[in-house]
Amino acid sequence: MQRLLLVDDEPVSLRFLARAMAGIGEAEEARDGAEAVERFRAALEEGRPFAAVVMDIMMPGMDGIEAVRRIRALEAGAGSEPCRVLMLSCLDDAEHQLAAQYEAGADGYLAKPVDLATLRRAMANLDLPADLPDAGE
Amino acid sequence: MNALFSLEGPPVVHLGIGEGRVFEGPARAHVLLGSCVAVTFHLPGHGLGATFHALLPSREEYLRKDSGGSPFRFVDTAIETMLAALSRARAPLDRLEIKVFGGANSLVQGEFGIGQKNVRAAFSTLARRGLRVAASNVGGTRGRKIVFLPATGEVFMKTLSETPVRGMTSAQS
């Protein structure tokens with residue numbers, strides 16, 4: 001089963017994300033951007049990279065957009081196939097949505113609040129390698 | 001995704017560049033996007049939806065380069081035209097669920113940046129009207145094929161192996 005990395009500083013959000021990922025992949029968690037980058041680096045070194053990352057933006061320490069930049073740099077350095085990155089944030093303005101996707105390299109963006117079905121649909125639209133539920137965004 | 005392309009089910013409508021439509025009944029709207037942008041509008045609980053396929057960011061800036069007559073050729077006039085149409089359909093604009101798709105950087109055509117300009121135009125035009133974007137899937141170097149179900153607001157999306165050439169319509173995909 002493919003590995004998924006869920007990144008959020010709110011335990012409630014992490015529980016929600018874990019529930020949403022049922023059947024999609026094996027979910028692991030990180031509580032901030034720095035921890036996410038380290039988890040990602042370790043996974044690359046193990047030869048078992050994450051297939052997808054769901055990333056919050058506003059977190060203590062390193063924010064989600066910076067973490068995605070660093071993840072993309074790690075992938076480029078390792079010559080690894082890019083994972084899919086979905087941003088999930090209460091920040092719904094243009095600057096964050098564009099910075100995440102055009103500058104940092106995220107593949108999609110959902111503004112909170114989102115329901116379970118919407119999140120699963122957004123994951124399906126990421127074109128993950130494994131079979132995912134056939135749903136829209 | 002295959003069910004979306006079958007002969008069964010709601011009618012399929014291909015939206016080429018400069019086309020937009022309000023749907024008051026079930027449909028499957030297909031749009032093929034490279035640097036172009038599609039914005040989807042859906043009024044939850046009412047089966048009402050709308051979308052368009054725009055080529056360039058703003059009418060004022062690009063009219064001399066593109067004299068196409070449809071307001072849906074330009075992102076800013078496309079949004080304004082669609083909001084006016086939705087208002088005529090009695091949709092409360094502040095309840096619309098709005099999503100933005102497309103805006104790939106079409107490197108093959110030497111037009112790096114037009115995709116992002118299109119997306120910026122969409123966000124700024126919507127922000128001027130006080131409307132938020134609930135979801136976006138924009139940027140990158142690959143095109144997208146989207147199928148919008150206006151009755152539910154769902155968007156099914158596939159990224160393409162390469163960015164479609166400008167002028168190609170979704171009917172040609």
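A salt bridge here is a side-chain nitrogen of Lys or Arg within 4 Å of a carboxyl oxygen of Asp or Glu. Keep that rule at hand for this tour of a predicted model.

**Stop 1: the salt bridges.** Show chain A and chain B together. Across their interface the rule finds four salt bridges. Select D127(A) and K158(B) to see one of the pairs that form a salt bridge. Their closest N and O atoms are 3.4 Å apart.

**Stop 2: the elements of chain B.** Now colour the side of chain B that touches chain A. The elements that give two or more residues to that side are β6 (97-102), α3 (114-128), β7 (135-138) and β9 (154-159). Which one gives the most? Select β9(B): this strand leads with six residues. Next, colour that side by class. You will find eleven nonpolar, eleven polar and five charged residues.

Stop 3: Select β5 of chain A, residues 108-111, together with β7(B). Two bridges join these strands, which run antiparallel. Zoom in on Y109(A). Opposite this residue, in β7(B), stands S136(B).

**Stop 4: the whole interface.** Zoom out. In contact are 27 residues of chain B and 20 residues of chain A. Between them the two chains bury about 2000 Å², with 39% of it on carbon and sulfur atoms. Select R120(B), F123(B) and R132(B) next. These three supply 24% of the area that chain B buries against chain A, more than any other three residues.

Methods:
Residues are numbered from 1 along each chain as its sequence is written. Chains are lettered from A and ligands numbered from 1 in the order in which they are written. This is a predicted model: local features need pLDDT of at least 70, side-chain atom pairs count only at pLDDT 80 or more; totals for chains, interfaces and linings use all residues. Side-chain values use heavy atoms; hydrogens and water are left out. Contact means heavy atoms within 4.5 Å. Buried area is the accessible area (1.4 Å probe) that two parts lose on being put together, summed over both. Helices (H or I, at least four residues) and strands (E, at least two) are DSSP runs, numbered from the N terminus. Ala, Val, Leu, Ile, Met, Phe, Trp, Tyr, Cys and Pro count as nonpolar, Asp, Glu, Lys and Arg as charged, and the others, Gly among them, as polar. Two strands pair if DSSP finds at least two bridges between them.
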